[in-house]
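User: I am new to reading protein models. Can we work through this one by question and answer?

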Amino acid sequence: MKKAIVSTLLLFICFTGIGQNLSKLLQQTVDCKAYEKHDYVILYDSTHVQVKPTGSGSFYILKSIKIQTPKGALANRVITYDYDPLTAFARFQSVQIQKADGDIIRLDESKGLDYATPARMIYWGARQIMFDVGRLEPGDIITYEIDKKGFTYALLNDTDDDSRFIPPMQGQFYDIVPFWSSAPTVRKVHSVTMPPQKELQFQFYQGECSSSLRFDNGNKIYTFAKDDIMPFKRESNMVDLFDAAPKLMMSTTPNWEEKSLWFHKVNEDYGSFAPLDEAQKKVDELIKGKKTEMEKIAVLTHWVADNIRYSGISMGKGEGYTLHNTKMNYTDRCGVCKDIAGMLVSFLRMAGFEAYPAMTMAGSRIEKIPADHFNHCVTVVKLSDGTYIPLDPTWVPFTRELWSSAEQQQNYLPGIPEGSDLLETPLSPADDHYIRIKASNRLEANGTLKGRFTISAEGQSDRRIRNIFTLGFQSEWKKHLESQLLNVSPNARLVSVDYGKDPKNYQAGPIQITFNYIIPNYAIVGKDEMLLKPLTMNNLYSQIRSYLNMDTSLEKRAYGFKDACSRAVTIDEEIVLPAGYHLLSEEIELEQDSEAAQFTGHICQTDNRIVLHHELRLNKRVYEAEDWEGFRDAVNASKELGEPLIIQK
Amino acid sequence: MRHIYIAFIGLLLTWTAVAKGYEAEFKQITKSWTLHADGGQEYRHSKELTIYTHTAMNSTYGESFITYNPNHQKIVIHSAYTKQKDGNIIQTPENAFVEVLPRNAAKAPDYNHLKELVIVHTGLDLGSTIYLDYSIITEPGYLKEIDICQSLNELSPVKDYRLRISLPEGKPLESQIINSSLKPKTSTSQGIKTHSYQLNNLAPRSFEPGTTVLSGGVQQLIATSYKSTSDALATLESQFGRTRDLRVNQLANQLTATHDTNREKAYALLDYVVNQVETTPLTLEDVGFRIRPEVSLITNGYGTEAEKAALLYGLLKAGGLDAEIWAYYLKPISVQSGLTAIDKLIVAISLDGEEYLLSPTSLMPVHYTGAYALNMQDGETKQISTGLSRIAYSADIKLTEGKANEQIKASFSSGFIPFSANVLSVLTGGAKEATSKQEKGQTTVDYSQGSTLQSNDGYTLYRLPDTSLGITQQGYQKYNSTRQGNLVLSAPISEQYSYSVKWDDNLELRTADFTKEIKNKVGVLLVSFHTEGDKIIIQRSIEINQPIITPTMYADFKQLITAWVSDQNKHLLFKEK
């Protein structure tokens, strides 16, 4: 085994030239002024993967970090590395510190720690290795090597039983390699040695790297390298770094259809969706009296969403990619997304539907290359017209949606018997997530504002407003609602609030809440004039108007950006003025129109009242960089309507 | 018939809990602590918790977490199951007991052996009851004495709460529930002395901000078998500086080498402990009341808060400064306690005739009204208070050519002043050409700053400058209009702002002169806008002389605070000519 490690090391060193070039890399940190201000610099970050015919592989990781400040020393006082013990194994192979004067201190790698990581929500026993480097000093260079084997890796020990490291999709290998870094990196290298019989497809996205393919004893060695990687400059509200920063995707799987077929088979073979008498009884009870297929699908989806809570315990072998079976889910009444999705598949099947699980990636795009870039699991059900629709019981508790529109424009891959290509969820119309605020106010001559407003909402907007009722403690409901007014003005007094008899009952219809209030000293009073902001535009329910927090001073964007959800925000407010006062400014009329967003709004005086109308339509959740101009113009117009108004005698 | 009657009563009680708007209800909690003659201990905990809402089921009570040290302790599960609403029993399966590293022990290799046992409560539905009964068995010698400090109020009401502390007859035992008149029921039988309590219908913990033991809003059990609080502290004190490692002295010399005054030296040493030793947020109890040698923190770069206090104390002493280490408590001084009742260890030093109380995790001074500290060297006790939080702020302002030029002089009492060489930047918001002067009990800064005036429909609204400190930053204005419990302020408050504002001829002041005065049970507020020739003089002052705001005083407190932050009292309106 030792020999194998040494030969691989030599091979690796030969490819990367680290042995000869460490001092050269170090010199670069001295020469490059851009590195000076950083607390530490990664001199070298390399990973080599040796893939076996089974698809398992061995990872060899070598990293060198130069400490530049005390803060950098503190940030690197321990080295940690995560792994899943059910499918992988990891250990430190060597750790050494090179002092500024050239002295080398070799640390005892056997003192590395290996433990179950802190956990909340998912209790699968994920592990971490850690090495206590101790206090470093500026000028120190820490270099360490890690061996890891697992689905994509195999350690160099042929005598062990390696069966647990063989990937569930046997013979297949994939990898997803971020080529961005939070610290300056002088050189990053990723190489993969493939056995002769395997073909690897790859693509480097959102940037460039140097790459090569070499043959060695019949093996194919793919190498990807990039120099001088500076910390990625983020833009506020930008898309995930996987959708913007350089990354490498690799896979031996020819296409998504094969992955779809495998995902279908692995769960069917395990028997994840086998019927269960007590669950069947619940299904029958739930669908009783439901006439249409959509009514049945809805009642089953919402029962699962609301009653199978998110808390994942391990089923042992197969955890992570196999859905817990019906008995486990129905008995435990808890699981992670895949188990909740699996419970729904079982329920739907017991109700006579054809249903399957699907994999998806919440937060970023899935590429055409079938690397397993998934972090979430959902359900698909076949309707009587033969089409499949996605359902997400994990993301729709306490909302009337069946597929959360907070996941619109998201790729997913159904695990269906006929196989499927990668699919994408459609845009959800802004009107399906409306927010409507209608306010009627009266301003008194001393600046006091009295009035009432009603807020109503649908879809994801409904969910966000209703959260205080569905997730919060009942004892705090009224306090939360009073806080909405206190956000407008600390002087606000909530006279009464009406949220109906059962605001938790999201199935009853869109949320609607009516507030009555008095706000003394609301307007700033001058000698013959007053200055005030329309109440509805003054920090009211700002937590559901997330676009107001977006930095619209940014003129151009290099990357796409995200908002919480598409939505239509309609606001109507009238303010009855005190006798003798009139609106000083001319009528304001604003209009912006683009594919991404539209805005129309006006403020004018009609008789003795100021009338405000605001209609903002934000059409997507995930926007392209080119959408920014139209989106920004519309949001800025919305903000402009909230500028203070002067009224005069 | 009797069964029907009992069932009806049960249903009625459940309905009552639901009708009161509770998410869940503890039918029973039982906790017992036993110190055996051989020095071993057993802590036994059992609970019956009925779930009424999804809020309780999903995010509040779905799991139980138990932290322990497997090198000296073991956990025994006596029973764990869920009784579903229909009576079906779901035994908690083996895979629902998961051991992980406690999050607070992350990145702390010396504490990597600690464990957190997570128990995932399976089978939960609305109306189900969680049953859990477990013991933590501690081997002799690991925990020296019975040492309890536990808040009793849960997020949901507890119908029947039982507490029992037992130990050999010859051992001393003091116990008390703070904020309760309940006395322990004491008994002795077969050489075992027991204190026990039974609380019925214990109210849930309040969500009101600032609800603490000191505010009277939390009931807390404190019990100890140490002979005295000082005896308990002696077990910690004996661990300070025990290795007498020369590296502590070397480091102190190195850090203070370029500094001449004791103040500068102290700044440098505190800065090192706060910013160059990472804080591991484990409590004294989590680590078995052990304190690693100071040199471990120097060589490894991390330590618990208590260890960092010991290091700060060691470094200050090694640097030739007169330092003392104090145990700081958030409980009445009269209650005897062990070590778990310590909120934190702090270090006191004297500089230029003034005493400073330093926290090893923050450059801000320690101050809480109502707390007390106990000197670990000589047992002296002192009430901690920074006295008045005082700000005196004056600004000379000229509005000219679309800009505001502001010349500011401000004095702050010591509670606002970071113990750092960087004090000027903090107090002036990084203003250039700022100067500061430190006198006894206060720091005064002089600086100038500017801002651009914004025009709107021929009007300019000018916001008077403010500090980034003071009562406005405490956020009381966002607190709800009513309170059930006391609110403890960090100190009585006195803030005075005066402004003299002049403006160009192209502006016409439209804010009218006015005076507003509020005087109530809690304090006094005065706001006065008064024109004098070509300028306006503005006085704003607030004094809150009650450090504890009771529910009956709260309306008065809110009246002062809302008036203090009111826009009308902080702005000038000008018309552009």
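User: Is Phe529(B) buried or exposed?
Analyst: This is a predicted model, so the value is computed from predicted atoms. Phe529(B) has a relative accessibility of 1%. Buried means under 20%. So Phe529(B) counts as buried.

User: Which class does Phe514(B) fall in, by relative accessibility?
Analyst: Its relative accessibility is 21%. The buried class ends under 20%, and exposed means over 50%. So Phe514(B) counts as partly exposed.

User: What kind of pair do the rings of Phe514(B) and Phe529(B) make?
Analyst: The ring centres of Phe514(B) and Phe529(B) lie 4.7 Å apart, and the planes are at 20°. Planes under 30 degrees apart count as stacked. So the pair is stacked.

User: Which strands hold Phe514(B) and Phe529(B)?
Analyst: The pair links distant parts of the chain, 15 residues apart. Phe514(B) is in strand β31 (residues 514-519) of chain B, and Phe529(B) is in strand β32 (residues 523-532) of chain B.

User: How many aromatic pairs does the structure hold over all chains?
Analyst: Rings pair if their centres lie within 6.5 Å. Over all chains, the total is 44.

User: What kind of pair do Phe453(A) and Tyr517(A) make?
Analyst: Their ring centres are 5.9 Å apart, with planes at 45°.

User: What is the relative accessible area of Phe453(A)?
Analyst: Phe453(A) is among the residues with the most contacts inside the largest nonpolar core, which has 60 residues. Phe453(A) is buried. Its relative accessible area is 0%.

User: Why is strand β7 of chain B described as largely enclosed?
Analyst: Strand β7 covers residues 115-120 of chain B. Five of its six residues are buried, so β7 is largely enclosed by the rest of the structure.

User: In which sense do β3 and β6 of chain B pair with β7(B)?
Analyst: Strand β3 (residues 63-68) pairs with β7(B) over six bridges. There, Glu63(B) stands opposite Val120(B). Strand β6 (residues 97-100) pairs with β7(B) over four bridges. The sense is antiparallel for β3, and for β6 antiparallel.

Definitions and conventions:
Residues numbered from 1 in each chain as written. Chains lettered and ligands numbered in written order. Predicted model: local features only at pLDDT ≥ 70, side-chain atom pairs only at ≥ 80, totals over all residues. Heavy atoms only, no water. Core = buried A, V, L, I, M, F, W, Y, C linked by side-chain atoms within 4.5 Å. Buried < 20%, exposed > 50% of the residue type's maximum accessible area, 1.4 Å probe, protein only. Helix = DSSP H or I, 4+ residues; strand = E, 2+ residues; numbered from the N terminus. Pairing = 2+ DSSP bridges. Phe/Tyr/Trp six-rings, centres within 6.5 Å; stacked < 30°, edge-to-face > 60°.
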